[in-house]
Amino acid sequence: EDENVFTAKGAASLDIRKKMQIIFQDPYSSLNPRKTIYAILAEPYEIHHYGSKAEIREAVEKLCNRVQIPLNLLDHFPHELDGGMRQIIGIARALSLNAKFIVCDEPVSSLDVSIQARIVNLLMDLQKELGLSYLFISHDLSVVRHISNRIAVMYLGQIVEIAETDEMFADTRHPYSLALLSAVPRVNVDAKVSRIVLAGDVPSPINPAPGCRFAPRCWMAQEKCRVEAPEIREVSPGHCVACHFAHESRQRAKTAETVSVDD
């Protein structure tokens, strides 16, 4: 029987937490500065009564070998490591109890590009090796496209479009998704790119107006959009969109205000 993550307590809560873990966005604040790397990685095993001190030590060292953490760093403190290695420590901590579902909350946003590539490749290798499922949260659509099998686009706390990755980029339907993808940098430096410019301010997420939350900034918005919130509907197999005019969004994208820029 499935457990409710919101109401589970005691042993049931501990069991759920073993299966679900998180990698935090900021590697500088997500690690306890008062503890050594060994203490940070050993803590999950201690909380869940993994075994003796010797068994925990062995498990930590095996974990370090899996994610390529040098064992000589175990006696160091977080402030002695760079951002990339700190984030790898965070990844190792999430893997320590053999979790099957891991929330990756902007795990590379605070790192430079070369380290980002290392972290993303590590996550993908671990996914294949261990059969993991990730909920990868990011504003970087290039990284999202590289790592994801399925993409959900959110606006003001609501999913507005969800599809397989290739489908999302090839047949984008929601106006907000179209605007996001138009802003992705291209590799071709000689190409002129038309980017959709969204007008207006983001509405209040606390007290949104009736109707579609994107309507105040949408070039396709009609009176129906301002009074009736669109339901998310399937427009093709596995591709769902929350827009009254999803069937004509790509054609009408040409009517949006655009700016031509050099990539």
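Q: Which side chain meets Arg150 in a salt bridge?

A: In this predicted model, the side chain of Arg150 forms a salt bridge with that of Glu164, at 3.0 Å from N to O. The pair joins distant parts of the chain, with Arg150 in strand β4 (residues 150–155) and Glu164 in strand β5 (residues 158–164), 14 residues apart. Arg150 is partly exposed at 36% relative accessibility, and Glu164 is partly exposed at 41%.

Q: How many residues apart are Lys19 and Asp15 in helix α1?

A: The general idea comes from helix geometry: an α-helix has 3.6 residues a turn, so residues three or four places apart point the same way. In this structure, Lys19 and Asp15 are 4 residues apart in helix α1, which means that about one helical turn separates them. Their side chains meet in a salt bridge of 3.2 Å, N to O. Lys19 has a relative accessible area of 47% and is partly exposed; Asp15, with 34%, is partly exposed.

Q: Are Asp171 and Arg173 buried or exposed?

A: Both Asp171 and Arg173 are buried. They form a salt bridge, with the closest N and O atoms 3.1 Å apart. The count for the model comes to 7 salt bridges.

Q: How far from Arg217 is the nearest side chain of opposite charge?

A: A salt bridge requires a side-chain nitrogen within 4 Å of a carboxyl oxygen. For Arg217, the nearest side chain of opposite charge is that of Asp201, 6.8 Å away, and Arg217 is buried without a salt bridge. Arg217 lies in the loop between β6 (192–196) and α9 (223–227). Beyond its sequence neighbours up to four places away, Arg217 touches Tyr155, Leu198, Ala199, Gly200, Asp201 and Val202.

Q: Where is Val202 placed, and which residues does Val202 contact?

A: Val202 is in the loop between β6 and α9. Leaving aside neighbours within four places in sequence, Val202 is in contact with Tyr155, Leu156 and Arg217.

Q: What span does helix α5 reach, and which of its residues are buried?

A: One compares the distance between the first and last C-alpha with the value expected at 1.5 Å a residue. Helix α5 (residues 113–130) has 18 residues and reaches 26 Å, close to the expected 26 Å. Its buried residues include Gln116, Ile119, Val120 and Leu123. The buried residues of α5 pack against β1 (20–23), α3 (53–67), α4 (83–95), β3 (133–137) and α6 (141–147). After α5 comes Gly131, with a positive phi near 70°.

Definitions and conventions. Residues are numbered from 1 along each chain as its sequence is written. This is a predicted model: local features need pLDDT of at least 70, side-chain atom pairs count only at pLDDT 80 or more; totals for chains, interfaces and linings use all residues. Side-chain values use heavy atoms; hydrogens and water are left out. Helices (H or I, at least four residues) and strands (E, at least two) are DSSP runs, numbered from the N terminus. Buried means under 20% relative accessible area, exposed over 50%, partly exposed in between (1.4 Å probe, protein chains only). Lys and Arg count as positive and Asp and Glu as negative; His and the chain ends are not counted. Contact means heavy atoms within 4.5 Å. The expected span of a helix is 1.5 Å times one less than its number of residues.
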